Amino acid sequence: MPIVPKIDYETAKQAHKLLDRLDKFFAFERAGQNPDLRTILAYRQHNRCPICHEIIAHPCSDEAQVHHSDYTRYCWSSLIKRYAPDTKGNIYREVPNCELCFADRPEISEQCLSTLYLLHADCHDKLHKNSTNN
């Protein structure tokens, strides 16, 4: 079940900056835009949102968002351009090369995947709003 990170985004960002790996922190954040990663997450979750348990019909659409349950992670992978059109008119996105990481570092990629969840955009919003109300 997805959780809201114990260390908030801004605190984690500052920590990564102090450790001189802010670019790797932002790369991990962009991993959620990698279509292949989204497809893997959908497969692992049987195409279901872990919040509402309804089907996520299109994992690479704006209907779905990738939730990070841990902001302390960062990405070692180099960035690649992937075809991933969005509603803003962008056609390509620079995203981490998750596929290479899965092949070269399976144990690290498994740790990465264990902190990511594919959610409906509305469910993602509700998850974060509920955490600020508690």
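The model is a predicted one, and a search of the whole structure finds two cavities of 30 Å³ or more. Thirteen residues line the largest cavity, and those closest to its centre are F28, C75, W76, C101 and C112. Two helices, α4 (98-104) and α5 (106-113), are the elements that each give two or more residues to this lining. In terms of class, 10 of the lining residues are nonpolar, two are polar and one is charged.

The second largest cavity holds about 30 Å³ of space. Its lining consists of Y9, F25, F28, E29, H68, D70 and Y71. Helix α2 (residues 22-30) gives the most to this lining, with three residues. By class, the lining of the second largest cavity comprises four nonpolar, one polar and two charged residues.

Attention may now turn to R73, which is located in the loop between β1 (64-68) and β2 (79-83). R73 is buried but forms no salt bridge. A salt bridge requires a side-chain nitrogen of Lys or Arg within 4 Å of a carboxyl oxygen of Asp or Glu, whereas the nearest side chain of opposite charge to R73, that of D70, is 5.7 Å away.

Leaving aside residues up to four places away in sequence, R73 touches H16, F25, F28, I108, Q111, C112 and T115.

Note on methods:
Residues are numbered from 1 along each chain as its sequence is written. This is a predicted model: local features need pLDDT of at least 70, side-chain atom pairs count only at pLDDT 80 or more; totals for chains, interfaces and linings use all residues. Side-chain values use heavy atoms; hydrogens and water are left out. Helices (H or I, at least four residues) and strands (E, at least two) are DSSP runs, numbered from the N terminus. Buried means under 20% relative accessible area, exposed over 50%, partly exposed in between (1.4 Å probe, protein chains only). Lys and Arg count as positive and Asp and Glu as negative; His and the chain ends are not counted. Contact means heavy atoms within 4.5 Å. On a 1 Å grid over the protein atoms alone, a cavity is a set of points where a 1.4 Å probe fits but cannot get out, and a pocket is an open set with protein on both sides within 12 Å along at least five of seven lines; lining residues have an atom within 4 Å of a point. Grid points are joined across faces, edges and corners, and a volume is the space filled by probe spheres set on the points. Ala, Val, Leu, Ile, Met, Phe, Trp, Tyr, Cys and Pro count as nonpolar, Asp, Glu, Lys and Arg as charged, and the others, Gly among them, as polar.
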